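Dear colleague,

I am passing the structure on to you below, and after it you will find some notes on one residue and its surroundings.

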Amino acid sequence: MRSENMFCVVLFGLFSVTLVRSALTGMFKTECRDRHFWLSVKSHFLGSKFWFEVRGESGVRPVDGQWAAECGYTLQRDSWGDLTLRASYLACTVDNQGDSEFRLMLWFVNQGADGEGMSHHPLLLSCSLPEPWRPREVVCENNYMEVSVEKRVPADNHRGTEWVTPAPADDTLREWRVLFRVPDLRLRLGSGFPPLKEEIIPVNLVHLLGYSINTTASRIVLRCSYGSRLAYTLQGGDFTVEVVSTTIIYRHHWTLLRVDMSVACATTQGSLDGADVVWTLPWLLHPLVVPPVGQKNLKVAVGGRYITQCMARYRDYRIHDDNNTVEIRIPFGAEGGRLKSGVSAGVYVHLYEVDVELLREWQDSAWKQTQQRTFRTLRVHQNDPINISKHTVPSGEELVLSVGDFLSDVMLVNVTVAGQRFSLEDAERNTIRISQVPFPNGTHSYLLQVPLTHPLITQQVSTHSNVQHFQFTLNSVSPERFVVLDHAHRSLVQVQPVDISDPQLDHAFCLTLLENHQGNTCERLLKANTESDLHRWTAAFPAVSAQQEKQEKVYEDWDCPQVQCIRQYSAKQVDELSLECCDIINIIRKTNEGWYEGLRLSDRARGWFPQDSVTEVTNEHQRRRNLREQYRIAMATQTANHRAEV
């Protein structure tokens, strides 16, 4: 799958106002693969915040969200935390030289874990086309669908105006039209699929519906995100297919031309079947095919590399092709994917994900050759209960326990014996020996050895064997899943210590959710393990006085109001932020002089601006403050009543 064509990355200096730091060795991995730029960043290089930026006609903008989907960019972070950017050769801002040489200039912005030390890494990616374009090529990415077809010219070969975007104001290009075919729900007959109706939209308006239409020297390109307006789905058996049925109508001199730009993608995800990850999808998507179908070819890539029959046998991959469907089976945990530990419903699990690409080629009566690429990241998990086994020591004077079979991202944090918790260091000092036992497959277990004469071991004479009580705590290096019993916004959580004479309730406290996920007020009596843990709870959710609420000026990320610019503002100082109408800004700080400090969402730019240039877009922040005030009043009333009774 990796092409042998030219690929280079160039680092260069920018304007003096931009801080540029040299990239660390091995920070970026870049490749040219088929029709895409690939760029990946390992997780240990990533700061607290990071993003890619490109420079287009409207200036510098981040690569994210809807814009990324419409413009041919895919960003994803895998279970190991590594970041990958995949960009189509036909993406926005790509310098396209004759549909054969492609260059992409972008910046990687990385901010340190402490919020300081932001660095900008400029990258110039260059790729050459490894093999000629097919007459029609379809791409089904994780976040968008794309179709590109060769630009057809009338037989008389008259030279006309080249297509560009945006279209210049001339009579020829002003007559572009896009014809969409969508189900006419008014004519649905029984349970069958309704007939299609046609809607014609000027090409300069389709971007308002979430579509990007562009042209190059030799091709026409249409791209949209999944779920766009005028798209529809087809359901057949276990398959779901999303379809955009469209034709572009344009005039070349005095000739009216029509080109089919329909695109269809199967949205089926992978599943776990026994010990295999299975991905099944139809061989041909009928909206893209005009029978009869000629020669067909199929290739599969796993982990970014096309696999040979020899490699498939070695890794026990199984690819079944019966001319109607394609079934790909990959053993859970097989080479080419990524394994990680996790917790689901309180049970230790193994998470497995694998990147798969399916490349199909066929001929039919409408197109001499069609090539379709489908990218999919398959994610499944498998329960793996922790096994604890007891071993017999010949001397009979020592209890030996073997705990688990863990992946490399799990480490033992502490062990509790007879209700007393020990860190690994404390355990060794108390004659509790803990050792890690590695296995050839990269997993490991833990071996715990405790003398039976240890003062914390409880021995009871009964018809059964001696009774010993242990509790193990294991943490994943990067835990991501927890069992959630209830939840509320952080600003709606209150903690109050409880003074109860019962020794069993030492360090108890009342946790109050002013408004939980069901909209109710909920109170829970909890008990911290130590007085130190109790102080941590109260510090994490400090009580806010009425005076503090009125003087609140600095906001946390999780509790900041959001405003929208209603009046353009041009920065007059270096620490100010220029605003355009409709900019959305998160407020970080307010002053009594009517100035706000904020962070603009579109480019993460930070600075000061006057209050009268914006308006608050939601009253959610005020609503939370009102709830807190209501809670304070209730608590004050309760305290006053209690004192009156005393």
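**Asp276 and its sheet**

Asp276 lies in strand 22, which covers residues 276-282; strands here are DSSP runs of E with at least two residues, numbered from the N terminus. The model is a predicted one, in which local features need pLDDT of at least 70 and side-chain atom pairs count only at pLDDT 80 or more, while totals for chains, interfaces and linings use all residues. Residues are numbered from 1 along each chain as its sequence is written, and side-chain values use heavy atoms, with hydrogens and water left out.

Asp276 counts as buried because its relative accessibility is 9%, where buried means under 20% relative accessible area with a 1.4 Å probe and protein chains only. Its side chain makes polar contacts with the side chains of Arg318, at 2.7 Å, and Arg329, at 3.3 Å; a polar contact is a pair of N or O atoms within 3.5 Å, one able to donate a hydrogen and the other to accept it, and residues adjacent in sequence count only if both atoms are side-chain atoms. Phe332, although 56 residues from Asp276 in sequence, is 5.2 Å away from it in space, C-alpha to C-alpha.

Strands 21 and 22 run antiparallel and are joined by three bridges, and Leu272 stands opposite Val277 in strand 22.

Methods: Helix = DSSP H or I, 4+ residues; strand = E, 2+ residues; numbered from the N terminus. Buried < 20%, exposed > 50% of the residue type's maximum accessible area, 1.4 Å probe, protein only. Pairing = 2+ DSSP bridges.
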